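Reader: I have a model open in the viewer and would like to learn how to read it. Please take me through a few features in turn.

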Amino acid sequence: MIAIAALFLVCLAYVQANPTGAPPAACVNIAPGHGGSSQPIANSSYSLNVSQLTAAGGYTPGRTYTLVLTGGASQYKGLLVQGRRGTIPVGSFAEGNLVKPACSNTAVTHTNNTLKNNVPLIWTAPAAGTGSVVFSYAVVEQNNATGNIYYATLTSPVIAEVGSNTSVAQSSMTSLMLLMLLGMFAVHGIAAY
């Protein structure tokens, strides 16, 4: 009987608490390992401010940006944010005030479960040729004996890659094809005007 009670308490502690950050398993679906279900996304007042990226027309590969997780009027206890190209994690996060890298540095999570809001997150963009990125994130509002309130799989707008060699290569290929066409016209004596 004592063994069953001890097992119950261990399981309860695992389900109820991740006070120092999201567990590695949360990296797969960007969802906390808490009991219960995610709240409807439409009910969320949380947003990831990526205005520094959108104002620049996208991200420049290798450059560092500050994102801010805001809760509007709501504060939150926990977070997990990851940049993704499809389902592939891209870019890296640095340690900051109230946050630390997670998921092999491809994500960032909370360092404690105190209430917080407007937490800055430092993200370094991935290498050239990665393409567009979307930030997937989860926010834990409440996680205690009275219940769990969290939002999983929230997403940012799509952030385009700018200054990429991919767009230069495509432009060069188009120019090369145009030159080849003009050359064919010249060889066959067709005026190209």
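**Reading the cavity, a buried serine and a sheet**

Author: The largest cavity holds about 70 Å³ of space. Bear in mind that this is a predicted model.

Reader: How many cavities of 30 Å³ or more does the structure hold?

Author: One.

Reader: Which residues line the largest cavity, and which lie nearest its centre?

Author: The lining has 16 residues, and those nearest the centre are Ala-22, Pro-32, Leu-79, His-110 and Val-140. Two elements, β3 (78-85) and β9 (134-144), each give two or more residues to this lining. By residue class, the lining has 10 nonpolar and six polar residues, with no charged ones.

Reader: Take Ser-136 next. Is Ser-136 buried or exposed?

Author: The general idea is a cut-off: buried means under 20% relative accessible area. Ser-136 has 13% relative accessibility, so this residue counts as buried. Ser-136 belongs to strand β9.

Reader: What is Ser-136 in contact with, leaving aside neighbours within four places in sequence?

Author: Its contacts are Ile-30, Leu-80, Val-81, Gln-82, Arg-84, Leu-154 and Thr-155.

Reader: How many bridges join β5 and β8?

Author: Two bridges, in the antiparallel sense, pair β5 with β8 (residues 119-124). Phe-93 has Trp-123 in β8 as its bridge partner.

Definitions and conventions
Residues numbered from 1 in each chain as written. Predicted model: local features only at pLDDT ≥ 70, side-chain atom pairs only at ≥ 80, totals over all residues. Heavy atoms only, no water. 1 Å grid on protein atoms, 1.4 Å probe; cavity = no way out; pocket = protein on both sides within 12 Å on 5 of 7 lines; lining within 4 Å. Points joined across faces, edges and corners; volume = space filled by probe spheres on them. Helix = DSSP H or I, 4+ residues; strand = E, 2+ residues; numbered from the N terminus. Nonpolar A, V, L, I, M, F, W, Y, C, P; charged D, E, K, R; others polar. Buried < 20%, exposed > 50% of the residue type's maximum accessible area, 1.4 Å probe, protein only. Contact = heavy atoms within 4.5 Å. Pairing = 2+ DSSP bridges.
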